[in-house]
Structures are given as C-alpha cells and as structure tokens.
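Here are a few notes on the charged pairs, written for you to read beside the model. Have a look at the side chains as you go.

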Amino acid sequence: MSPGVYDELKTMVGQEQPEQVAVDAVCKHMIRHWCEAMEDANPLYTDEEYAKKSKYGSIIAPPTMVQAWSMPPLWPAREMPAVYKRIFETCAKAGFDQIIDTDGEMEFFCPLFPGDRVHVVTKVGEVTPEKKTSLGNGHFITLESTYTNQRGELVCVQRVIILMYKAREKG
C-alpha cells in the first residue's frame, strides 16, 4: 500500500491550476480539418450558407473539439500544467509511473464560434486509496476541467478519471 502517496494526493483535491488560455482562437480551417479526420459531415460545422440559416447564425465548432482548442502546442515544448505535473511527480516517487484514462464525460452548455478563445481551469476532484487492478495497483484520480469562452460563458465541463499505477510484473 502507499498511504503517503494517497495522503499527498488527497491534499490536491479541490485545488485549481491557474487558468490556461488557448494559444489559438477557434477557426474554420481547424474545424474543417477535424471534420475531415472524423468524417463528420454535419453542415453546421463547414457549410456557411446552411449555418447562417441555423439558430446559431454561423458555423460552430464540433463540441468535442473544446479540449483540442485548449491544448498547448507540442513544439516548442512547454511546461506541463501544474496540476498534472504535481500528480505525476507525486505518483512517480512511489513507483506509480503508468497512466491510463479509465473514464470520461463531457457536458456541453454553449457552442464555440470562429474567433472564440477557450479558457480552461482544471482541478483534482477525487482520489482513491490504492486499488488492485488487472494492470497493477494504483490510484484513480478524477480531474475536472471547466471550459469557458472569452466572454466567461460556460462552454463545457469535463470529468476524466485516470489510473496512475505500477505495472504488474510479468511472470
């Protein structure tokens, strides 16, 4: 068991990382690329004439893109968000150096339009004592992210549960 790791993880519950603001604004080009990759033919996302006649009056981004807008660029390398860095470092000290997403949910409140800039605040929602899993022993950690636009309007709430674990020895 790892009571020290669990105790340290529990101190993180409720702590929010500083707000992150997307590097790039929502744009039609990236919406198109997403739709091509996902083979999503919803005309609200790419057909200007259709979208103008909709209740939105404009093209909107696919809701599930919200996380993509807020991700930092892959290059040049940037500092990992503080909440993730602290979780990973705390767990790694005790050998919990493997990670897998085990569950996720997203609740959407308003659409993103071209020109919007996504803001996100993430906090640790819950942690479990060490659990035995088929992958190895570890801690389940719930991360809650709140996404807003530049006007402060709630866009999405996302909950992701990760398992930080020690891989089982083979044999």
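**Notes on the salt bridges**

1. Arg159 comes out partly exposed, at 29% relative accessibility (buried is under 20% relative accessible area, exposed over 50%, partly exposed in between; 1.4 Å probe, protein chains only). Bear in mind that this is a predicted model, where local features need pLDDT of at least 70, side-chain atom pairs count only at pLDDT 80 or more, and totals for chains, interfaces and linings use all residues. Residues are numbered from 1 along each chain as its sequence is written, and side-chain values use heavy atoms, with hydrogens and water left out.

2. Which residue does Arg159 pair with? Its side chain meets that of Glu105 in a salt bridge, 3.1 Å from N to O (a side-chain nitrogen of Lys or Arg within 4 Å of a carboxyl oxygen of Asp or Glu). Arg159 sits in strand β6 (residues 154-165) and Glu105 in strand β2 (residues 98-108), so the pair ties together parts 54 residues apart in sequence. Glu105 is partly exposed too, at 45%.

3. Helix α2 (residues 28-38) holds Arg32 and Glu36, 4 residues apart, about one helical turn (helices are DSSP runs of H or I, at least four residues; strands are runs of E, at least two; both are numbered from the N terminus). The two form a salt bridge, with the closest N and O atoms 2.7 Å apart. Arg32 is partly exposed at 37%, and Glu36 is partly exposed at 48%.

4. In helix α4 (residues 48-52), Lys52 and Glu49 are 3 residues apart, and their salt bridge has its closest N and O atoms at 3.8 Å.

5. Asp116, Arg151 and Glu153 are linked in a salt-bridge network. The whole structure has 10 salt bridges.
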